[in-house]
Amino acid sequence: MRTKNSFFNFMANTGSYIINLILSFVTRTIFIHVLSAEYLGVNGLFGNILSVLSLAELGIGTAMLFHMYKPIAEENEDEIRKLMNLYRILYAIVAGVVTVLGLALVPFLDVLIKDKPDIDGLTTIYLLYLLNTVCSYLWGYKRAIIDGHQMSYVGTIYNTVFTTTQFILQIIVLLVFRNFIIYLVIQIACSILTNIVVAHKADKMYPYLKKDKKSLPDKKQIKSIFKNMGAMSIHKLGDVVLNNTDSLVMSSFVGIVSVGIYSNYLMISASINTALMGVLGSTTASIGNLNASEDKESVFRVFRVLEFLCFWIYSYVCVGMMIVFNPFMEAWAGEEYLFSMPLVFLFVLNFYISGMRKVVLIFRDAMGLYWYDRYKPIFEVVINLIVSIVLAQYIGIAGVFIGTLVSVMSTCFWIEPLVVYKHGFERKVSHYFGLFFKYTAIMFAVGGLSYWVCSFINMGGFLEVVLKSIIVTVLYNGILLLLFFRTMEFKELWGVIMKIYNGWKEKRKNKEE
């Protein structure tokens, strides 16, 4: 069942990604040509400000989902209902806190924007972003019970329908009205509708949730939940600083236009990351279930296979990004929206390091180990902000990227795997670092060869992008296949793929009969 649900989650996430990627690129292309770079900058900046305010969430979602794995595995409806009641109350409090903090920031918007752009209704635009964030907490929590049952594909399907509707309506608004505020209203409306529909679906799938909306877990369990929330709140802080303050530092020390250029690169990398996390993230609930019911050796074996899969996917994507990022940007948005190659390298390197942490973080969260590295994000935050702010004043955007890289390598890179190996697998962490440096060395060697081969193609336009993409795909993946096809990790992964394929084939055969 775990494999089956992971496959359904993967297929839904992949389909959703393809649809959203196409429509988001079409929408962003029209956005770039209809509105100015300043609008892109404001869009990125306000989105990041609200992400910073999401610190008020305190990691409630992750902590609650971890505590639901066991009662879900045991089909303990009474316990699940109590946990969901607590979840609802906590998220209502979060919505109130975010509202107050968000409104308190309104007088300081001018401070956060260097060289304020000539855009009407900046405060209204910001308040719309705030409304969208607040509403996500009022209904979004019910998706957790569906995800906990390893059926996240249900929410993904609804999300895809409403997101598709959103993009189509936004394209019409941009072409006909050229109005950014209407553009945002459509985004908010579709987001709210998605959460309401998914919440209604959860009620239908699990009707026992409606039987008693007042009962809460016992004091001992609430204490355990709040303990995990305390640890997750600090982790949340680290995630927010890494993922959302770059735009704030750029806006304050470099300028709003640089945020607009950065937001294009970020949109592409975020779209890619969403797809990749569709592959890896679809296994989270299954890993939580696995950890609750299997021995450590079985869990570690799954970890090795997923780490191998993570390396293959992220290394291929990062090499591809180095080769086609700027040719694509130039053909798509124009020369004025390009980063220099050193900046692209720093951007992609941060993306790779972040990607290679994914599997460790998935296992840490699924195994409930976030208490052990709870102080790590404090050092991460301090290092990131100090290095980014200081260097941004001397070398601009490069300083912001270097700040992120330094903070991750000096904290997360070694602490996270140490916690998982020591407290989860009860093994020496040297195994992980050996794998990481081996994988990374292979990526640089094979990626360097791929970059050199593709450097001979320089005709410009989308044709160059397509040809380089084909070459790097065949060359890079072909060499990796030759290097790894005899390893345990590859054989295990191939076995899972064939098991899923044969199951699908058998099911199709039975339908035809």
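1. Helix 6 (residues 122-139) has 18 residues, which at 1.5 Å a residue should span 26 Å; its end C-alpha atoms lie 27 Å apart, which agrees. The expected span is 1.5 Å times one less than the number of residues. Helices (H or I, at least four residues) and strands (E, at least two) are DSSP runs, numbered from the N terminus.

2. This is a predicted model, in which local features need pLDDT of at least 70 and side-chain atom pairs count only at pLDDT 80 or more, while totals for chains, interfaces and linings use all residues. Residues are numbered from 1 along each chain as its sequence is written, and side-chain values use heavy atoms, with hydrogens and water left out.

3. The buried residues of helix 6 are L122, I125, Y126, L128, Y129, L130, N132, T133, V134, C135 and Y137. Buried denotes under 20% relative accessible area, exposed over 50%, and partly exposed in between (1.4 Å probe, protein chains only).

4. The protein chain contains 20 helices and 0 strands. Of its 513 residues, 54% are buried. Among contacts (heavy atoms within 4.5 Å) with a separation of 6 or more, 83% join residues 24 or more positions apart. The accessible surface is about 23100 Å², 65% of which belongs to carbon and sulfur atoms; such areas come from the Shrake-Rupley method with a 1.4 Å probe, and for residues only the protein chains shown count as cover.

5. The second largest pocket has a volume of about 570 Å³. It is lined by 21 residues, of which I272, Y316, V317, M321 and V324 are the closest to its centre. Two or more lining residues come from each of helix 1 (2-34), helix 11 (256-280), helix 13 (296-332) and helix 19 (461-484), and helix 13 gives the most, with 9 residues. The lining comprises 17 nonpolar, 4 polar and no charged residues. Here Ala, Val, Leu, Ile, Met, Phe, Trp, Tyr, Cys and Pro count as nonpolar, Asp, Glu, Lys and Arg as charged, and the others, Gly among them, as polar.

6. On a 1 Å grid over the protein atoms alone, a cavity is a set of points where a 1.4 Å probe fits but cannot get out, whereas a pocket is an open set with protein on both sides within 12 Å along at least five of seven lines; lining residues have an atom within 4 Å of a point. Grid points are joined across faces, edges and corners, and a volume is the space filled by probe spheres set on the points.

7. The structure holds 2 cavities of 30 Å³ or more.
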